[in-house]
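Keep the picture in view as you read.

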Amino acid sequence: MDIRILTRDFAVSPQISVGSVSEIAKAGYRSILCNRPDGEQYGQCEYRNIAEAAAAQGLESRSVPLASGIITEEVLSDFAAAMDELPKPILAYCRSGTRCAMLWSVNQSGKLAHDEIIGRTAAAGYDVANLLSGLGR
């Protein structure tokens, strides 16, 4: 598992498998948030399989798929709802974790200083500086 912690309540990861859900539960996560559309890549584990494994482990799950690079108001709204409603801590995943970090960054803009968001995502291996520069301060 390649879990990258952004806050004590939110972490991101590249694509997970059904087999990794028990590890996620053992690590203390209470929810799994999928930000990857099904069928994006051949052989990718479908969300419904992750959701079934999560339920078997007593975890909640939700899918807020984001097509690569296309952030819509609907996705932002659905992501914000997931952040508010899912039990924490939350582990979000997509292909590489980048989309999850991007969505989290936009969601946190106005709540945290941009420098803090940039620092947290950079420490996890993601660069959101250009994304945030378009949002103003």
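Helices (H or I, at least four residues) and strands (E, at least two) are DSSP runs, numbered from the N terminus. What you're looking at is a predicted model, where local features need pLDDT of at least 70, side-chain atom pairs count only at pLDDT 80 or more, and totals for chains, interfaces and linings use all residues. Residues are numbered from 1 along each chain as its sequence is written, and side-chain values use heavy atoms, with hydrogens and water left out.

Let's start with strand 3 (residues 31-34). Ser-31 and Leu-33 point one way from strand 3, Ile-32 and Cys-34 the other way, and all are buried (under 20% relative accessible area, 1.4 Å probe, protein chains only).

Now for the pocket. The residues lining the largest pocket (lining residues have an atom within 4 Å of a point of the 1 Å grid) divide into 4 nonpolar, 3 polar and 6 charged. Asp, Glu, Lys and Arg count as charged, Ala, Val, Leu, Ile, Met, Phe, Trp, Tyr, Cys and Pro as nonpolar, and the others, Gly among them, as polar. Helix 4 (98-108) gives the largest share of this lining, with 3 residues.

Conventions. Buried < 20%, exposed > 50% of the residue type's maximum accessible area, 1.4 Å probe, protein only.
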